[in-house]
Amino acid sequence: MSILQNKTICFLGAGSMAEAMISGLVDKKLLPAEQIYAINRSGSRVQELAERYEIATPTKEEAISKADIIILAVKPKDIAEAISSIRSLTSSRQLFISVLAGTSTDYITSLLGHSAAVIRTMPNTSAAVGFSATALAPGAHATDTDMEVALQIFKAIGIVETVKEEALHAVTGLSGSGPAYVYYLVEAMEQAGQEIGLEGDVARRLILQTIIGAAHMLRDRGEEPAALRKQVTSPGGTTAAGIAVLEKCGFQDAMLACIKQAVARSEEMGKQSVPTS
C-alpha cells in the first residue's frame, strides 16, 4: 500500500511539470485523485486539470491548509510572491517539495518563516511521459520519512536519485536541461536527413528509433559509451568518417561547455535568490 494513500497533495502552480506529476500520481494510483489539489493564477488551468484527472477543486485557503504535502511548482522568480500569498495558511507539520531550479531549501524555509520540512528536487520535462530523471536533496528539517514520501512521488514519473543539495546545480545542467540538448541534436539530424534526400517523417522515425535503441544499449548492456561507439566505428568506414567531423568541430568540447554553462547559470540563480539581511 502506498504511503501516500492517506495524504493530501497541493500543487502551488499548475504548469506542465505539475501536470506531469499529477498524471503520474493518478495513473499509478498512489493516492485518490480527490486528494490532489492545484492552485494557480489562472482558474481555467486548474479547471482543465480537474476535468482531465478528476482532482479536487477546493478554495485556495482549503487547499493549502488541508494539504499534507505542498509541491512548489511556480517559476523561480515568482516563489517569494507565491509563498507570501499562502504563508499564513501553512504550518510546520507540512512537507514542502520544490521543483524550482536554483532555489535553495534554506531560502524556501526563510520565506515560510517556520521549520517545515523542505525537499528540493530537479526533475525534467520527460516527466510528461513517465521518463523523468529526478534528483532529490533534503533540507535541514527533512526526515527519512519525508524523503521516502518524495521518492514515492517522483518514482511515479521516472527514476530517482538522492544527492546532496549542492549537487543539484550539476543535476540541473546535466539532466534537468538535458532533454533540450537531445532535442537540439534531433533538430540537426532532421535537417541533415532533409539535405540528404530523406522524407521528413521517414527521417524522424529512423532518428527516434536510433536514439531509443542507443539508450537501451547503454542501459541494458552496461558497457561504457566509448566501447559501444568503437563497436560501431570500423576503421575507414562511414561512422569513422562522421565521427572525424564531430571531433574536428569540437563536439565533445561544445557539449562540456554547454553543461558547465547551464550549471553556472543555476548557481547564479541560487545566489540571486539568497535573502539579504
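Buried residues are those under 20% relative accessible area, exposed ones are over 50%, and partly exposed ones fall in between (1.4 Å probe, protein chains only). Helices (H or I, at least four residues) and strands (E, at least two) are DSSP runs, numbered from the N terminus. The model is predicted, so local features need pLDDT of at least 70 and side-chain atom pairs count only at pLDDT 80 or more, while totals for chains, interfaces and linings use all residues. Residues are numbered from 1 along each chain as its sequence is written, and side-chain values use heavy atoms, with hydrogens and water left out.

The protein chain holds twelve helices and seven strands. Its C-alpha trace spans about 70 × 45 × 35 Å along the principal axes. Of the 277 residues in the protein chain, 42% are buried.

The seven strands form an open sheet. Their order is β2-β1-β3-β4-β5-β6-β7, and the pairing is mixed. Two strands pair if DSSP finds at least two bridges between them. β2 (36–39) and β7 (158–162) stand at the edges. Each has a single partner strand, so one side of each lacks a neighbour in the sheet. Neighbouring strands of this sheet are turned by 25° against each other on average, direction ignored. For such angles, axes are lines fitted to C-alpha atoms, for helices over the stretch in contact, and angles run from 0 to 180 degrees between N-to-C directions.

Strand β4 comprises residues 95–98. Leu95 and Ile97 point one way from β4, and Phe96 and Ser98 point the other way. All of these residues are buried. On one side, β4 is joined to strand β3 (residues 69–72) by four bridges, and the two run parallel. Leu72 has Ser98 of β4 as its bridge partner. From β3 the chain crosses through helix α4 (residues 79–86) to β4, in a right-handed β-α-β crossover. A crossover is right-handed if, with the strands pointing away from the viewer, the path from the first strand over the helix to the second runs clockwise.

β4 also pairs with strand β5 (residues 117–122). This pairing is parallel and has four bridges. Ile97 has Ile119 of β5 as its bridge partner.

β5 and strand β6 run antiparallel, joined by four bridges. Here Ile119 stands opposite Pro138 in β6. Strand β6 (residues 132–138) is mostly covered, with five of its seven residues buried. Five bridges join β6 to β7, and these two strands run parallel. Ala133 stands opposite Ile159 in β7. Together with helix α6 (residues 144–155), β6 and β7 make a right-handed β-α-β unit.

Helix α9 covers residues 200–221. At 1.5 Å a residue, its 22 residues should span 32 Å. The expected span is 1.5 Å times one less than the number of residues. The end C-alpha atoms of α9 are 31 Å apart, which agrees. Gly222 follows α9 and has a positive phi, near 70°.

Positive phi also occurs outside glycine. Lys29 has a phi near 55°. Lys29 lies in the loop between α1 and β2 and is exposed, with a relative accessible area of 64%. Glu54 is not a glycine either, and its phi is positive at about 60°. Its place is the loop between α2 (43–53) and α3 (60–66). Glu54 is exposed, with a relative accessible area of 64%.

Glu34 is found in the loop between α1 and β2. At 53% relative accessibility, Glu34 counts as exposed. Glu34 and Ala135 are 101 residues apart in sequence and 27 Å apart in space, C-alpha to C-alpha.

The second largest pocket holds about 700 Å³ of space. On a 1 Å grid over the protein atoms alone, a pocket is an open set of points where a 1.4 Å probe fits, with protein on both sides within 12 Å along at least five of seven lines. Lining residues have an atom within 4 Å of a point. Grid points are joined across faces, edges and corners, and a volume is the space filled by probe spheres set on the points. The second largest pocket is lined by 26 residues, of which Leu12, Gly13, Ala73, Val74 and Lys75 are the closest to its centre. α1 (16–27) and α4 are the elements that give two or more residues to this lining. α4 gives the most, with four residues.
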